[in-house]
Every structure is written in C-alpha cells, then in structure tokens.
Amino acid sequence: MSKTIIVSNRLPVKIFEENGEYTYSASEGGLATGLGSIYKDGENIWIGWPGIEVNEPEKQADIIQNLKVLKLLPVFLSQEEINEYYEGFSNEILWPIFHYYASTYVNYKQSNWDFYQTVNQKFREVILSVAEPGDTIWIHDYQLLLLPGMIRAENADLTIGFFLHIPFPSYELFRLIPWRAELLEGMLGADLVGFHTYDDVQHFMNAAIRILPINSSSNILTVDDRPVVAEAFPMGIDYNKYSSLINDESVLEQISLLKENFGDNRIILSVDRLDYSKGILQRLAAFELLLELYPEYIGKVVLYMVVVPSRDNVPQYRELKDHIDKKVGNINASYRTMQWSPVLYFYRSFPIEALSALYQMADIGLVTPMRDGMNLVSKEYVASRTKNNGVLILSEMAGASKELIDALIVNPNNIGDITRAIVQALNMPLAEQETKMAEMRKVVSRFNIFHWVKIYMDKLQEVKQLQKSMQSRHVDFSVAKNVSARYSSASKRIIFLDYDGTLVNFHTDINKASPDPALYVLLEKLSTDKSNEVVLISGRDHLKMEEWFGHSGVHIIAEHGVWQKQIGNTWTNIVGLTDTWKEEIYPILNTYVERTPGSFIEEKSFSLVWHYRKVPKDLGELRVSELVNNLVYLTKDKGLQLLPGNKVIEIKNMEINKGKAALNFMFMNEYDFVMAIGDDHTDEDIFKALPDSALTFKVGSSLSAARFYLRNPREVRQFLHGLGSDTDQ
Ligand code: GDG
C-alpha cells in the first residue's frame, strides 16, 4: 500500500519542556487542519522540525516515540542550523526577495546558503528513511525549495508535489539571487509545482525558462524529458469551523464583553503576524489620516490591532516592532480622550475563540499587506460574517484579492486610498454590504481548505498519469524492437524524414545546420536497401536541399511540398501557384525586421518566412503575435496561410502542406511499411494525413498526433540505424 508523506519546515505540533519532561499539543494552523485528512490516515506521515532544539540522542528517541503516535516524524536541527538555514537563508534572503523587498540590504551570506543545502539534505535523509516506491510526497514552502530535486535524484519514481505559500517574485527580482539556478532545479524535482495565484505561476515559468535550458508549453515545463506542471491553487480555510464558532459558548461570552467595552464604537480590525510585508505601519498611517481629515470619527471609531509575535530576534523585525509601538503611542497620545482610545494594540497571540469574537464584532476587516502569498485572515473574516454585514478592505497585493473581488480593493502604498476606503466602508449601506459579503462568503465556503487539498492531490495524480502515458509513447527498447521487426518483414517501405530539428539540431544561423558526414552515411545505408524509398520532406528552400542532398539516393520534397524531386529526375513544382502576393507581404515583413533586431526574412520560391530565433524570447513572441494580427485578414483574402514553426512564421499558399505532399508522393504505389519522423507543427500534417497503420514519430515530447516520440536528433539517428538489424540497440 503506497502512502503519502507531508513535509514542511515546522511540524504541526507544539512541544514544551518542563523539568526534563515533554508535553505535546497539536497546533491548529489552517494547513494542519486541511492536511489532517491526509496525514492522519493509514501509514501516512508528516515530516518536519519539531520547533525545539534537542541534542541528546535519548531525548530525541523519546520525542520520536511520542510523535509517532501523532503520525509525525521529526527532523532535529541544531541552533546553528536554525540560525543559518531558517533565520538566515529563508527569512533574511528568500523572504524579502520573494516579497519584493530586494535591495542592496539583502546580504547573500555564503554560510546561509551552505546551511540551507545541508538542512535540505537532512530533510532528504529522513524522507528517504521512510519513503518507498509508489509513495507520494508533498513538500511545502520556501524553506525547502531544494528538497524536491534532492529526492528526485535519489528516486525517480516517487510522486512529488511542491507548494509555495509565499509569492513567487518576478524574474527581475528572482534573478538577483546568486543561487537562482539551483533553487529552480530543486523546485523542478517536483511533478506539480503549486502557487496561490496565476501571477506566481507566470513568474515562476518565466524565471525557469530564462534561467535554465528547458522548454515550456503553456504551463508545462519539460525537465529531462519529464513534464512538470506549474499551476495556481488558491488556498482556502476551514470555512465551517469559522462559521460555526458563532455558536460557541466562549465566543458568545467574549462578544458580550466586547459589546460592553465598545458600545456604539465602530470597530476596525487588523490581525497579522509581525512582518514588514504585512503593511502594519502604512495601515496605522491611514488610520491616523482618517482622524486628521475626518475629525467627526474621533471618539466613534477604534482600530483594534492584533500583532502576533514572530521572528522578533531578527533585527529588522525588532525595528519594525519599535516603529509600531511608537506610531501607536503617537496616535493615542494625539487623539485619546478620557473615555476613548483610538488604537487598541495587542502584541500577542489570541485564542481562536477571541479571534472569532473579534471577526464577528468588527465592522471593517482591514487587511492591507504590501505583499502576501494569499492571506488567510481576510478569508477568516469573511467566513465569520454569517449575517453578511461588515466590509472587507483588502490589499491588491494579497493573493486573496484575486478571489475576493467584492472587497474594497486598495493599493497598500497609497495611504489616502486606504483612508478613503475606510470612509466608504463606514458609510456603506447595509444592503450593499450584504450583497458583497454574501458573494465573498460563497467563494470562501466553496474553495475551502479541503477542496484545496483535494484538487491539488487530484492534479498531482493526473500529472503522474500524463508522465506515464508519455513514457509509454517514448521509443524505448521494446518499441524499437517491434518497429524493427515490422521493418524486417516488409517488402516495400516508404520513410518520410523531416530535416531541421529531426535529423539535425537547430542552429541560430540556418545555413550552419548543414548535414554532417555521419548523416550522409545513415541516409546512404537506408536508401541503398532496394525495398526502401527515403523521402526528405522539409520546409527548406529547394535550392538548398539540392545543394545538400541532390547527389544522394533520396527523394526530396522541399518548401513543404511546393517542390519535389524523385531520385534521378529534375525538380518539379506544383502547377498553378502564384507568388505575386509577395510584393505586398514582403514590405510588411520588412517593417518587422526593422523594428526587431536579430530577425530576418527568408524568401523561398512560393513563400516568405520571418525568422526570429536570435530575438529575445518575449520580444519575438510579442512581435509574432502582432504580425499574425496584422496579416490574418490580408492572407485569407489572398488564399495564403500563416504557418507558425519553431521560432519562425511562414506565409505560403493555402493549398500547400506536408501532409498533402506526402500523400501525393505515395499515390501511385502500395507500401506495407509507412513511417514518418518530424518535429514541428508542419509535420503534424503528415502524421494526420498518413493511414492509421503508419508508424509516426514526433521529435520532442510535446503533444502530437504522432504515435511515438523520440527525444532529439541523436535518438532519431540511433533509432534509424537500428532498423532491420538483429542486434540489440
Ligand atoms: C503564509 C503566507 C499565506 C493570526 N493571529 C492569530 C492567529 N492568526 C492566524 C490567522 C491565520 C494565520 O495566523 C495567518 O495566516 P496568513 O495567511 O494571514 O499569513 P502568514 O502567516 O504570513 O502565512 C500567506 C499562508 O502562508 C498560507 O499559505 O496565506 O500569504 O505569508 O490563519 O488566523 N491565530 C490565533 N491567534 C492569533 O492571535 N489562534
């Protein structure tokens, strides 16, 4: 029976030591609740740091035993490891950069990085001590970015998921990190990389294809032939827990206390961990501005601010705390009256019942982080508003703003914007509050934490299936052997071979992708067999094909079928084609060449090609989509087609394609072995046109109508060499 292993920096448990005795209490974070349905089942387990330093082996053994009952397995870390890996690398390098606080102040300490690697290795050891083939491992967050790659290297068959709980920054920030490639390679060890928002997915994909030599197609990256999917899974909360807390005795008690204390005062609620990314100071500034600009609210509105202690041994956090203390002190000193204090500030953690009472009592939930992966507080506020009243003010920089679109969305850097939103919220008619809140509650209720876990896990299995089906299509030893047997027993064969990307690799200079001696030897070997007809079928211009292959014993189809040459004959072309349209299209293409350094036009007898292989990727893609928009109607009118290829776009007559050309070629004969190998868009026409019995091969593992795939030209050549030979390949 295979099992699921959850891995995160911290185990969902609090351990206290008193007189050498340990006591354990489960911590009830949202993630722990959501994953509870998984790790508490059967053989499943959660691996992570237990939160305390324990060095003595006997004590460690004792903790291991006790945690086993809770289905937890600890990774013990020394104080030095915590300082360097967690506080140093994770919280002083990754956290600020991933939250767009990259600046010259980030200190890329080598020792932090060394420890980050060592600790990720430590996690790896513990995982490998329990992981078995067929298991699923789900790794969480920025402290463990290297772990998926480390595990994959050890055991390629495991199913590995990774989820990042904080934002993934834009490429321009991510590229600053000295160890950016290693971090990406680590993440790409996973099969499914999850983020809170689609923007994060885009940033990650962009960084990966720019920094690493890998290809992508929509949200799939191909890593050593293994498709890795990146997708957005906005995390939810335990909706029912928050909505049902309204009936809890202790919550009701706290609510009546709050009512007594605040009377008619309107309450604005603010709840965060102490962190500069949460925008606490800016929020205070907005509240101060409210009192200054709208004195009518003095004595009528309070800001109830809960700041949960966090990382306060890191200097920046201590400094932030000092600033908050000072700012609160100033506001209170300026505006306090005998009966009223503007800011009620708590620097401590509250029990969930107290939090629930506050969520229910607050007229406004004020959530204005400068950056936040998701932000669960906003969702908890919404879930607690069972009467549908109250207003959520939410920063556009929180992942949650993509889902809670009925909130008052603000830019947290714009203090005036926040102040205006507070005024708008204080004056919002009840009916409007109800409509907005009801919509948001629907979202929070439906996309809850259990839903999140389910859709992530389902997708992970789906990716694994995709990988398996890719594997079965790959030409491995047994497929090659089967094809070879069919080849040997056939008496009349036709073999269509594309050239660029199939028999040779691409080259930035198209004329440099010329055939090498080994290729001539291979073609000679295939074509001297009397039962074979070998057809090179290319989009290249026929003169170049003549120069390269005119003398060899193969048939040639050039320019996607415009020209063809049977062995020993001269070149013929399809009759009735015109090229007068070039006069009009060429100047248009030329404007793109002038605006896009690195691009050029190739002219063939009946087509024009715009090449952009040397153009920076994004610019090339932008220009090509502009070009398509520009030409789409014109080309239709003229009976032309736009054919996108690998970093090229070709404009040519509608009636030409490689599929038709291949069928035409076969027209007069009967073959008992039909095979085609090609790598791009234009070769798909051949794969689709050939009869079902044909053996079709795509080069590269992207989606294709071909039955099988080969990884690259090297594999193609190896495979062709092996055809008909009795020896193993
Ligand atoms: C990271 C990402 C992402 C707060 N005060 C008290 C208390 N809390 C609980 C809240 C909420 C949680 O802490 C905070 O979660 P957030 O999502 O708001 O923020 P981070 O801690 O920064 O979490 C974030 C999250 O991971 C999940 O992926 O959303 O973007 O930064 O659940 O209720 N809980 C109790 N007392 C308090 O005083 N009991």
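**The ligand shell and the cavities**

Guide: By class, the shell around the ligand holds twelve nonpolar, five polar and four charged residues, where Ala, Val, Leu, Ile, Met, Phe, Trp, Tyr, Cys and Pro count as nonpolar, Asp, Glu, Lys and Arg as charged, and the others, Gly among them, as polar. This is a predicted model, in which local features need pLDDT of at least 70 and side-chain atom pairs count only at pLDDT 80 or more, while totals for chains, interfaces and linings use all residues. Residues are numbered from 1 along each chain as its sequence is written, and side-chain values use heavy atoms, with hydrogens and water left out.

Visitor: Which residues come nearest to the ligand?

Guide: A residue is near a molecule if one of its heavy atoms lies within 4 Å of it. There are 21 residues around the ligand, and those that come nearest are H165, F350, D372, L376 and E380.

Visitor: How far from a nitrogen atom of the ligand does a backbone N or O atom of F350 lie?

Guide: A polar contact is a pair of N or O atoms within 3.5 Å. For oxygen atoms of the ligand, a polar backbone atom of M374 is at 2.8 Å, and a backbone N or O atom of L376 is also at 2.8 Å. For a nitrogen atom of the ligand, the distance to the backbone N or O atom of F350 is 2.5 Å.

Visitor: What volume has the largest cavity?

Guide: A cavity is a set of points, on a 1 Å grid over the protein atoms alone, where a 1.4 Å probe fits but cannot get out, and its lining residues have an atom within 4 Å of a point. Grid points are joined across faces, edges and corners, and a volume is the space filled by probe spheres set on the points. The count comes to three cavities of 30 Å³ or more, and the largest has a volume of about 400 Å³.

Visitor: Which residues lie nearest the centre of the largest cavity?

Guide: The lining divides into seven nonpolar, eight polar and twelve charged residues. Of the 27 residues that line the largest cavity, those nearest its centre are D500, F506, H611, V648 and D680.

Notes: On a 1 Å grid over the protein atoms alone, a cavity is a set of points where a 1.4 Å probe fits but cannot get out, and a pocket is an open set with protein on both sides within 12 Å along at least five of seven lines; lining residues have an atom within 4 Å of a point. A polar contact is a pair of N or O atoms within 3.5 Å; within protein, one must be able to donate a hydrogen and the other to accept it, and residues adjacent in sequence count only if both atoms are side-chain atoms.
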